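Welcome! Here is a short briefing to read alongside the sequence and the 3D view.

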Amino acid sequence: MPAVTASAPGKVILFGEHAVVYGQPAIAAPVTGVKVKVIVQADPLQPSGNIRIESPAINFHATRTELPEQHPLNTLFQLLEQALQISRLPAMKISINSTLPAGAGMGSSAAVSIAMIRAISQFVGLPLENEQVNKIAYEVEKAFHGTPSGIDNTVITYQMPIYYVRNQRPELIHLKDSITLVIANAGEAPSTAAMVAGVRQRWQQQPQYYEQIFHRIGRIVQSARKILEEGDWLALAPLMEENHQLLQSMGVSSPALDTLVKASLQSGAYGAKLTGGGGGGNIIALVPPEQAGQIAQRLLNEGAFHTWLTTLRPLKEDDQS
Ligand code: PMV
């Protein structure tokens, strides 16, 4: 069997993180400049049915039989066997390479799962449809993160901006115009599961207060979707600001995130907000394309650990690969 390669991009949540866990809509978009690449090849040296997994960047080297029963990759292999209707995947070597930072809220676990599901299913000659890929990746995300909303695996599977409501079929968003974002990392964040659990605890203590915030975020998401589909994306700026303030009042921002949001606005960004689980991790800033480099540099000067530039484009001129 010839070697097979599959890749999957990163993602950012544009609007609606956290509230999405409570049934509100959210919008996420792929980040194609960062990628997980998975190569699957035959491994004749392995005993029948064993799988060797190598991820040199994180110094992860294991075989399927060595993984603990509850390991998310075991979930992935078992669900793939069910979906492909084969009793045991053949022996193979899986190499994972990534330019996608882990634990930075860019969807690295979902991207690894999706690239693996695609590469393995193609390797055995039974490629899966997006819907099946997404379903398996969601179960693996649960094994990784507890109670994720499913937004990461969905946007990374479809590689398009999506309007997402938990447990509903995702709706693809067709952008009217390109938008340019600077993504900046404010440093290590607690796990998304911990941030989600913190919000849950506070919501249980003050349900009305939190539900009103979730509801307001839902309304922002609906307005943002309309703007993305109709153009006039400068109108996204106040929505970003409002969404960031609501995330602050939910207790998921941090001084470092707030500093980067403020610095983005002072250096010429139209709007900025934290993205993802918060507590650290990333912000996104909506920027004039010609000033993107300069704004990114300013954010590095203000303490950002890393920045990425990404342009979301309408499908017709889409050059994603
Ligand atoms: O930290 P990230 O980018 O994986 O995003 C988490 C988004 C949340 O809404 C906080 C949780 C979820 O599962 O949707």
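Helix H1 (residues 72-84) packs against helix H3 (residues 130-145) at an angle of about 160°, with their axes 9 Å apart. That makes H1 roughly antiparallel to H3; angles over 145 degrees count as roughly antiparallel, under 35 as roughly parallel, 65 to 115 as roughly perpendicular and the rest as oblique. This is a predicted model, in which local features need pLDDT of at least 70 and side-chain atom pairs count only at pLDDT 80 or more, while totals for chains, interfaces and linings use all residues. Residues are numbered from 1 along each chain as its sequence is written, and side-chain values use heavy atoms, leaving out hydrogens and water.

**H1 with H3**

- From H1, Pro72, Thr75, Leu76, Leu79, Leu80 and Ala83 meet Ile136, Glu139, Val140, Ala143 and Phe144 of H3 (contact means heavy atoms within 4.5 Å).
- By class, this contact of H1 with H3 has 9 nonpolar, 1 polar and 1 charged residues.

**H2 with H3**

- Helix H2 (residues 108-123) and H3 pack at an angle of about 135°, and their axes are 9 Å apart.
- H2 and H3 are therefore oblique to each other.
- The crossing of H2 past H3 is right-handed.
- On the H2 side the contact is made by Ser109, Ala110, Ser113, Ile114, Ile117 and Arg118; the H3 residues include Asn130, Val133, Ile136 and Phe144.
- The contact of H2 with H3 has 8 nonpolar, 4 polar and 2 charged residues.

**H3 with H4**

- H3 and helix H4 (residues 151-158) pack at an angle of about 150°, with their axes 9 Å apart.
- That makes H3 roughly antiparallel to H4.
- H3 and H4 also form a right-handed crossing.
- Asp152, Asn153, Thr154, Thr157 and Tyr158 in H4 meet H3 residues, among them Asn130, Glu131, Tyr138 and Glu141.
- The residues of the contact of H3 with H4 divide into 4 nonpolar, 5 polar and 3 charged.

**Around the ligand**

- The ligand is surrounded by 15 residues (each with a heavy atom within 4 Å of it), and the closest are Lys11, His18, Ser149, Thr192 and Gly277.
- Lys11 has a polar side-chain atom 2.6 Å from an oxygen atom of the ligand.
- A polar backbone atom of His18 is 2.8 Å from an oxygen atom of the ligand.
- At Gly105, a backbone N or O atom lies 3.0 Å from an oxygen atom of the ligand.

Conventions:
Axes are lines fitted to C-alpha atoms, for helices over the stretch in contact, and angles run from 0 to 180 degrees between N-to-C directions. Helices (H or I, at least four residues) and strands (E, at least two) are DSSP runs, numbered from the N terminus. Ala, Val, Leu, Ile, Met, Phe, Trp, Tyr, Cys and Pro count as nonpolar, Asp, Glu, Lys and Arg as charged, and the others, Gly among them, as polar. A polar contact is a pair of N or O atoms within 3.5 Å; within protein, one must be able to donate a hydrogen and the other to accept it, and residues adjacent in sequence count only if both atoms are side-chain atoms. A crossing is left-handed if the near helix is turned anticlockwise from the far one by less than a right angle, and right-handed if clockwise.
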